[in-house]
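Open your viewer, switch to a cartoon view and follow along one selection at a time.

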Amino acid sequence: MELNDVIIIGCGIIGSAVAFELSKYNLKVTVLEKSNDVANGASKANSAILHGGYDCKTGTKMAELNVKGSQLYKKLCSDLSVERREIPSLVLAFSEVEMETVKELYERGICNKVEGLKILDKNEVLKLEPNINPEISGALYCGSSAIINPWEMCIAFSEVAVTNGVHVELDSEVTQIDQIYEDGKNKNKFSYFKITAGGKEYLTRYLINASGASGTEVYDLYLNGRENPYKAELACGQYYVLDKDQGNLVNSVIFCCPTKKGKGVLVAPTVHGNLIVGPDSYLVDSPDSVGTV
């Protein structure tokens with residue numbers, strides 16, 4: 001068996017992006033994907049929004065990387081010929097209480113260095129979105145958000161990575177992860193990982209878990225019986241996809257004002273001219289049961 005420098009488990013948007021980046025270097029990289037194609041999990045079925053970053057808790061890595069990532073996508077989409085449409089987002093408020101939440105999000109966004117933020121009053125919202133309920137009180141406007149084609153992004157990352165020499169193995173679900181040590185006994189002299197996937201074995205110096213909803217299951221394989229400190233509560237959501245003749249009902253990504261229960265549903269155009277509404281949310285037992293109610 002040839003020794004890999006890096007093995008990536010999962011070829012969704014994270015795994016493919018890591019493969020794309022590593023393919024710029026003189027490394028032997030293999031991606032193991034359990035499905036029969038890339039982007040077959042959450043990466044092909046989400047809201048496709050590049051968020052501005054105003055709702056991330058200030059001071060966290062999420063806040064920092066959300067803003068940087070959204071900016072990076074401008075050049076990435078241009079370089080890889082992936083559809084990207086700059087479109088503002090609105091967080092709607094229908095009461096004074098919700099307007100206070102809007103103000104909090106605005107202040108947080110300013111701290112996070114999000115560009116294009118402002119608070120709109122009722123008339124300004126209705127001027128932008130005449131089909132919004134006229135009982136609107138106001139909204140948070142974010143001019144630095146965008147929408148893309150998420151599965152096309154993943155495919156583009158993967159194609160460039162493969163062109164640059166990365167191996168992508170499909171139908172290769174990881175079933176075992178072993179840690180191999182230099183002399184078999186000295187646990188301080190780690191040598192490499194041995195991965196069993198799709199009936200084959202692979203060796204690698206470094207292992208990246210990018211398996212999405214299956215992340216804790218893959219980590220269980222690595223722990224090999226040791227207690228896993230991470231517990232996943234898996235939820236699935238469904239969207240309505242409306243026809244293109246409804247695509248112009250709104251001109252922005254429309255969010256509900258968030259509450260303690262969550263962010264609620266959204267209404268958003270797609271890069272193809274459709275309109276999506278959703279998602280709903282229900283718990284599932286495992287990643288394989290996603291898509292069944």
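Start by selecting strands β5 (residues 89-93) and β7: they run antiparallel and are joined by five bridges. Strands here are DSSP E runs of at least two residues and helices are H or I runs of at least four, both numbered from the N terminus; two strands pair if DSSP finds at least two bridges between them. Within this pairing, S89 has C142 of β7 as its bridge partner.

Before going on, a word on the model: it is predicted, so to speak of a local feature takes pLDDT of at least 70 and to count a side-chain atom pair takes pLDDT 80 or more, while totals for chains, interfaces and linings use all residues. Residues are numbered from 1 along each chain as its sequence is written, and side-chain values use heavy atoms, with hydrogens and water left out.

Look for L120, which stands opposite A139 in β7.

Next, show the side chains of β7 itself (residues 138-142). Are its residues buried or exposed? Five of the five are buried, meaning under 20% relative accessible area with a 1.4 Å probe and protein chains only (exposed is over 50%, partly exposed in between). G138, L140 and C142 point one way, while A139 and Y141 point the other way.

Move on to the open sheet of six strands, in the order β9-β2-β1-β12-β11-β10, with mixed pairing. Color β9 (167-169) and β10 (174-181): these are the edge strands, and because each has a single partner strand, one side of each lacks a neighbour in the sheet. Inside the sheet, select β11 (residues 190-197) and β12 (residues 200-209), an antiparallel pair joined by five bridges. There, A197 stands opposite K200 in β12. Helix α1 (residues 13-22) packs on this sheet, touching β1 (3-9), β2 (29-32) and β12, where contact means heavy atoms within 4.5 Å.

For the last stop, select A232, in the loop between α6 (215-223) and β13 (235-236). Why does A232 count as partly exposed? Because its relative accessibility is 46%. Draw a distance from its C-alpha atom to that of S158, 74 residues apart along the chain, and the separation is 27 Å.

Conventions:
Axes fitted to C-alpha atoms, helices over the stretch in contact; angles between N-to-C directions.
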